[in-house]
Amino acid sequence: MDIAKNIREITEKLPKNVRLVAVSKTKPNEDILEAYNAGQRIFGENKVQDLTKKYEELPNDIEWHFIGHPQSNKVKYIAPFISLIHGVDSVKLLKTINKEAIKNDRVIDVLLQFHIAEESTKFGLSPDEADELLTSEAFTQLKNVRIIGVMGMATYTDDKDQVRNEFRVLKGIFNSLKNKYFSDSEFFTEISMGMSGDYPLAIEEGSTLIRVGSKIFGARNY
Ligand SMILES: *Cc1c(COP(=O)(O)O)cnc(C)c1O
């Protein structure tokens, strides 16, 4: 894999309002540094332990994103430095993040994850569940966690129309939350959707954060 070339090919075509999260999970520091030296600064990981190790070992101007669901008991390890947590889908997790953010005297940005795929295994809220969360007494008391947008994963399929429709659903959810709950807030701006196989479609449908791994770093060996 020519990691630097892959980064350039993806970023060259990105519209101004779309940022690339280079998903470096399972990949070694050398690979991340290759991307870093090509100018990439945002990296995404989905294991707390790997993330904290990489954070300590790699340049400190990297913006680290957590792209899955941190376990509640591990949030404390990433709370000091994490820039964005993409996969939040419960008040319980929001409370934990808020608590750890207070300990670090900061506000942590998160995205609400929605279930837009056909597969039932994927995490995420329904629009009704999001309404319940956002209007709950518990949520209104959280001052150190800030919801800056939404995140979703489309069905893993070759059917482009289906994928496009699922991205459209997420964009619709974003618009409706923006109108209902965040119309005054300048910070509710992010739609995290699109991976190696479907990010061009996601951009067409309004993505602002694409999360691309294998297309940059090659296939992962778990
Ligand atoms: C692994 C992962 C990605 C990147 O997947 P690729 O298909 O390798 O681009 C994106 N988003 C999430 C949530 C992931 O876990």
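This is a predicted model: local features need pLDDT of at least 70, side-chain atom pairs count only at pLDDT 80 or more; totals for chains, interfaces and linings use all residues.
Student: How many helices and strands does the protein have?

Tutor: The protein has 10 helices and 8 strands, where helices (H or I, at least four residues) and strands (E, at least two) are DSSP runs numbered from the N terminus.

Student: And what is the radius of gyration?

Tutor: The radius of gyration of the protein is 17 Å, close to the 17 Å that the globule rule gives for 222 residues, so the protein is as compact as a globular protein of that length. That radius is taken over C-alpha atoms, and the globule rule is 2.2 Å times the number of residues to the power 0.38. Along the principal axes, the C-alpha atoms fill a box of roughly 50 × 45 × 30 Å.

Student: What share of the residues is buried?

Tutor: Buried residues make up 51% of the 222 residues, with buried meaning under 20% relative accessible area, exposed over 50%, and partly exposed in between (1.4 Å probe, protein chains only).

Student: Let's go to the ligand; which residues surround it?

Tutor: Around the ligand are V23, K25, I67, M151, M153, M195, S196, R211, V212, G213, S214 and R220, each counted as near when one of its heavy atoms lies within 4 Å of the molecule. This shell divides into 6 nonpolar, 3 polar and 3 charged residues. For that division, Ala, Val, Leu, Ile, Met, Phe, Trp, Tyr, Cys and Pro count as nonpolar, Asp, Glu, Lys and Arg as charged, and the others, Gly among them, as polar.

Student: Which side chains have an N or O atom by an oxygen atom of the ligand?

Tutor: One is K25, where an N or O atom in the side chain is 2.7 Å from an oxygen atom of the ligand, and another is S196, where the corresponding distance is 2.5 Å. From the backbone, an N or O atom of G213 lies 2.8 Å from an oxygen atom of the ligand. Taken alone the ligand exposes 390 Å², and the protein buries 89% of that.

Student: Switching to charges, how many salt bridges are there?

Tutor: The count comes to 12 salt bridges, a salt bridge being a side-chain nitrogen of Lys or Arg within 4 Å of a carboxyl oxygen of Asp or Glu. In general, side chains of opposite charge can pair when their charged atoms come close.

Student: Which parts does the one between E63 and R19 tie together?

Tutor: E63 and R19 form a salt bridge whose closest N and O atoms are 3.5 Å apart. E63 lies in strand β3 (residues 63-66) and R19 in strand β1 (residues 19-23), so the pair ties together parts that are 44 residues apart in sequence. E63 is partly exposed at 26% relative accessible area, and R19 is partly exposed at 32%.

Student: Where do R41 and D61 sit?

Tutor: The side chains of R41 and D61 meet in a salt bridge at 3.2 Å, N to O. R41 lies in the loop between α2 (29-37) and β2 (42-45) and D61 in the loop between α3 (48-57) and β3, so this pair ties together parts that are 20 residues apart in sequence.

Student: What about E57 and K53, how are they placed?

Tutor: Both E57 and K53 lie in helix α3, 4 residues apart, about one turn of the helix, and the closest N and O atoms of their salt bridge are 3.3 Å apart. Elsewhere, salt bridges that share partners join R164, R168, E204 and E205 into one network.

Student: Last topic, the backbone: which residues other than glycine have a positive phi?

Tutor: Among them is T26, with phi near 70°, which is placed in the loop between β1 and α2. Another is D105, with a positive phi of about 55°, found in the loop between α5 (91-103) and β5 (108-114). D105 is exposed, with a relative accessible area of 71%.

Methods:
Residues are numbered from 1 along each chain as its sequence is written. Side-chain values use heavy atoms; hydrogens and water are left out. A polar contact is a pair of N or O atoms within 3.5 Å; within protein, one must be able to donate a hydrogen and the other to accept it, and residues adjacent in sequence count only if both atoms are side-chain atoms. Accessible areas come from the Shrake-Rupley method with a 1.4 Å probe; for residues, only the protein chains shown count as cover.
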